[in-house]
Amino acid sequence: MKDLLLIAAFAALGAGGAGLLGWPVVRLLRRRSVALSLFCVAVVTVLAMTAGTLAVAQAMFLSHHDLGVVITVLCMAAVVSLATAALLGRQVVAGSRALALAARTVGSDGGFAPPDGPLGTELAALSAELAATSARLAESRRREQTLESSRRELIAWISHDLRTPLAGLRAMAEALEDGVADEPHRYHAQIRTEVDRLTGMVDDLFELSRIQAGALTLSLSRVSVYDLVGDAMAGAHPLARQRGVRLLGDGVDPAPVEVDGREITRVLGNLLVNAIRCTPADGVVAVAARQEADEVVLSVTDGCGGIPEPDLPRVFETGWRGVSARTPRTPVEAGGDARHGDSGAGLGLAIVRGIVEAHAGRASVRNVNGGCCFEIVLPAAAVLR
C-alpha cells in the first residue's frame, strides 16, 4: 500500500509540474484560435503524463531497457494524441468558418443558408439560433415594409381628401366675401358640414396616432354587451333611416365584458356606419353577440355584396380603402366614424383593430352570403360570486 502511495505521489509531482507550466500558456492562448487552444491542451496533457511516468520510473530505478520501453510507449501515445487533437481542431475551425460564412446571409432576401457539412452540437445550436434570428429579421422587415406602404397610402389619401373640402371652403369664403352668394345661409350650412368633416378626419388621425404610439388610455368597467350594442345602434339609427336600411339586433346575448365602454361603442359605431353605407336601400344590417367559453364575439353583418378574397387580409390596414369600382361601396372603402361620418381616409377600420387589440381582443372579417361579416372578439368578464 505504501508503494502505491509513493508511486501516486511521484506521479502527481511530475504531472503537477507539467500542468503548472502549461496553465499560463493555455491562458495566453484563450483569445487565439480554438484549434491552437485544443492542441495546447493536448500537449499539456501529454507532457503531464510523460512527466508523471518518468518520475515514477526514476523512483523505481528501472533498467535502461525498461526505461526505453516506457519512453517509446509514451512517444507513440503522444504522437497519436497530438495528431488526434490537431484533426479535431481542424474540424472545429472548419465548422466555425463555414458558420461564419453562413452568418453573412442572416437578414438577406434569400434567408439564412446553414452550412452544408455536419456541425458539432454547440455549432449546430448556434446555427439554429441564427436561422431563427434571420426569420425574425425577415418578418420585421416585412412588417416595416407593410407599415411604410400603409403610411404612404394614408398620406396620399389624406392629401387627396383634404384638397376637395379645402378648395370648396375657399370658394365659398370668396363668394361670401365678394357678395355674390345668392343664399348665404346655405353657404354657411355647407361650410359647417365641411368643417365637421375635416374635424372628423383630424380626430381620427389623432386617435390612430395614440393607438399606434401605445398611448391609448382605457377606463375599464364591467358592462353588458347588450348595453354597448344598444348605444351604438341608437347612434347609427338616424343614418340607417335616412338610407332606408333596417337595423336588427335581436341576436344579442347580455354577456358581461370588462372594457372601456366609450371606445367599444366607437368600434361598434364605426362598423355599423360602414355597414349602413355599404348596404343598398331596403337592405339589412344585423348585429349579434354571443359568448364562447371565456370570450365574447360581437358581429356586424351587412349586404355589401362581399369583399374580394385577395383584399380581405388588408381590410384593417391604415390608409387602405381597396378598389373603388365595386357597387355599392364596401366597408373597405368607407372607414368611417360613428360620430363624424365617413372620414374618407381609410382610418375607421384601422381604429377598430387598434382599440380591440388594446383590449386584448382581435378583429376579423369574412364574406357571407350577400355581404360580409365583421367580428370582434373580447375577453369575457370574470364571473361574480
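Me: What is the accessible surface of the protein chain, and what percentage of it belongs to carbon and sulfur atoms?

Reply: The model is a predicted one, and its values are computed from the atoms. The accessible surface of the protein chain is about 22,200 Å². The part that belongs to carbon and sulfur atoms is 61%.

Me: How many helices and how many strands does the protein chain have, and what percentage of its residues count as buried?

Reply: The secondary structure consists of nine helices and nine strands. The protein chain has 385 residues. A residue counts as buried when its relative accessible area is under 20%. The percentage of residues that count as buried is 35%.

Me: What share of the contacts with a separation of 6 or more comes from residues 24 or more positions apart?

Reply: The contacts considered here are those in the protein chain with a separation of 6 or more. Among these, the share of residues 24 or more positions apart is 72%.

Me: Are α3 and α4 roughly parallel or roughly antiparallel to each other?

Reply: Helix α3 covers residues 64-103 and helix α4 covers residues 121-178. Their axes come within 11 Å and cross at roughly 0 degrees. Angles under 35 degrees count as roughly parallel. The two helices, α3 and α4, are therefore roughly parallel.

Me: Which residues in α4 are met by residues in α3, and how many residues of each class does the contact have?

Reply: From α3, the residues in the contact are V92, G95, S96, L99 and A103. Their partners in α4 are L123, L126, S127 and L130. By class, the contact of α3 with α4 has six nonpolar, three polar and no charged residues.

Me: Which residues does V225 touch, not counting residues up to four places away in sequence?

Reply: V225 is one of the residues with the most contacts inside the largest nonpolar core. Beyond four places in sequence, V225 touches V252, D253, A255, V257, A289, V296 and L298.

Me: Is A236 buried or exposed?

Reply: A236 is found in helix α6, residues 225-243. Leaving out residues up to four places away in sequence, A236 touches L247, L272 and I276. Its C-alpha atom is 6.7 Å from that of G269, 33 residues apart along the chain. With a relative accessibility of 4%, A236 counts as buried.

Me: What is the C-alpha separation of C372 and G303?

Reply: C372 is found in strand β9, residues 371-379. At 0% relative accessibility, C372 counts as buried. C372 and G303 are 69 residues apart along the chain, and their C-alpha atoms are separated by 6.9 Å.

Me: Which residues is Y187 in contact with, leaving aside its neighbours within four places in sequence?

Reply: Y187 is found in helix α5, residues 184-212, and counts as partly exposed at 27% relative accessibility. The C-alpha atoms of Y187 and A175, twelve residues apart along the chain, are separated by 9.0 Å. Outside its sequence neighbours, Y187 is in contact with M172, A175, L176 and A181.

Me: Where is the place of A293, and what is its relative accessible area?

Reply: Phi of A293 has a positive value near 60 degrees, in a residue other than glycine. A293 lies in the loop between β4 (284-292) and β5 (295-301). A293 is exposed, and its relative accessible area is 72%.

Me: Where is the place of A360, and is A360 buried or exposed?

Reply: Phi of A360 is positive, near 65 degrees, in a residue other than glycine. A360 lies in the loop between α9 (348-358) and β8 (362-368). Its relative accessible area is 62%, and A360 is exposed.

Definitions and conventions
Residues are numbered from 1 along each chain as its sequence is written. This is a predicted model: local features need pLDDT of at least 70, side-chain atom pairs count only at pLDDT 80 or more; totals for chains, interfaces and linings use all residues. Side-chain values use heavy atoms; hydrogens and water are left out. Axes are lines fitted to C-alpha atoms, for helices over the stretch in contact, and angles run from 0 to 180 degrees between N-to-C directions. Helices (H or I, at least four residues) and strands (E, at least two) are DSSP runs, numbered from the N terminus. Angles under 35 degrees count as roughly parallel, over 145 as roughly antiparallel, 65 to 115 as roughly perpendicular and the rest as oblique. Contact means heavy atoms within 4.5 Å. Ala, Val, Leu, Ile, Met, Phe, Trp, Tyr, Cys and Pro count as nonpolar, Asp, Glu, Lys and Arg as charged, and the others, Gly among them, as polar. Buried means under 20% relative accessible area, exposed over 50%, partly exposed in between (1.4 Å probe, protein chains only). Accessible areas come from the Shrake-Rupley method with a 1.4 Å probe; for residues, only the protein chains shown count as cover. A nonpolar core is a set of buried Ala, Val, Leu, Ile, Met, Phe, Trp, Tyr and Cys residues joined through side-chain atoms within 4.5 Å.
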